[in-house]
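Good morning, and thank you for coming.

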Amino acid sequence: MDTKNTLAFASTILPCWNGRYITSFIAAVESGLQAERRRLQKNSYIVVASRDLYDYDGLSQSVDQLEAFPSQELALAFARQASKAALAEALDTPTYGSYKWRQVDGSPTLFFTRYKQPQVHVIGSERLHLENGSGFDLLYIEHLVLHIQASEPLGNELFAYLGAEYEVMNYLSRQVEPRS
């Protein structure tokens with residue numbers, strides 16, 4: 001039996017995760033989590049960038065970025081700037097046929113489900129809602145600003161609040177530090 005393909009519980013990394021994944025993925029997630037903790041240096045104001053893309057094939061969800069800041073002001077400023085950049089990038093992204101992405105007015109309501117945690121406080125959110133006019137494709141982008149009042153900002157409280165276990169783990173699995 002190839003041990004690289006055996007399953008392990010995600011709760012070995014954080015108690016809030018309960019899925020089972022192949023051990024190589026679990027190892028990559030754990031390594032990525034440690035790399036992100038070192039990079040973000042226990043700053044307690046966290047910006048989480050996520051997107052939901054609805055198309056004729058269904059729904060794709062992703063966590064695109066985690067950033068951390070020592071102050072609320074810096075986190076909110078980053079979220080505003082990152083949202084503007086995400087809008088420009090989305091509007092410039094080709095779609096099929098003669099359709100083009102355009103921003104839709106109003107506040108979209110379809111985002112990842114959040115799970116209330118007493119140590120996680122929402123400070124602000126920049127949300128974008130785009131469609132391409134095809135009647136099939138919608139894109140929701142959010143830069144969520146959180147204040148984490150826990151000893152480890154990138155810990156169980158944050159990830160329990162975010163839910164989206166696989167999307168968060170997939171993001172973390174790609175954050176492995178380059179080997180020197």
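Predicted model: local features only at pLDDT ≥ 70, side-chain atom pairs only at ≥ 80, totals over all residues.

Residues are numbered from 1 along each chain as its sequence is written, and side-chain values use heavy atoms, with hydrogens and water left out.

Helices here are DSSP runs of H or I with at least four residues, numbered from the N terminus. Consider helix H1, residues 23–40, and helix H4, residues 165–173: their axes come within 7 Å and cross at roughly 75°. Axes are lines fitted to C-alpha atoms over the stretch in contact, and angles run from 0 to 180 degrees between N-to-C directions. Angles of 65 to 115 degrees count as roughly perpendicular, and H1 and H4 are therefore roughly perpendicular to each other.

Contact means heavy atoms within 4.5 Å. Among the residues that meet are Phe-25, Ala-28 and Arg-39 in H1, and Tyr-166 and Leu-172 in H4.

Ala-28 lies in helix H1. Leaving aside neighbours within four places in sequence, Ala-28 is in contact with Leu-172, Ser-173 and Val-176. The C-alpha atoms of Ala-28 and Asn-170 are separated by 9.1 Å, although these residues are 142 apart along the chain.

Finally, Ser-83 lies in helix H2, residues 72–92. Is Ser-83 buried or exposed? Ser-83 counts as buried because its relative accessibility is 5%; buried means under 20% relative accessible area, exposed over 50%, with a 1.4 Å probe and protein chains only. Not counting residues up to four places away in sequence, Ser-83 touches Glu-126, Leu-128 and His-143.

Notes:
Helix = DSSP H or I, 4+ residues; strand = E, 2+ residues; numbered from the N terminus. Parallel < 35°, antiparallel > 145°, perpendicular 65-115°, else oblique.
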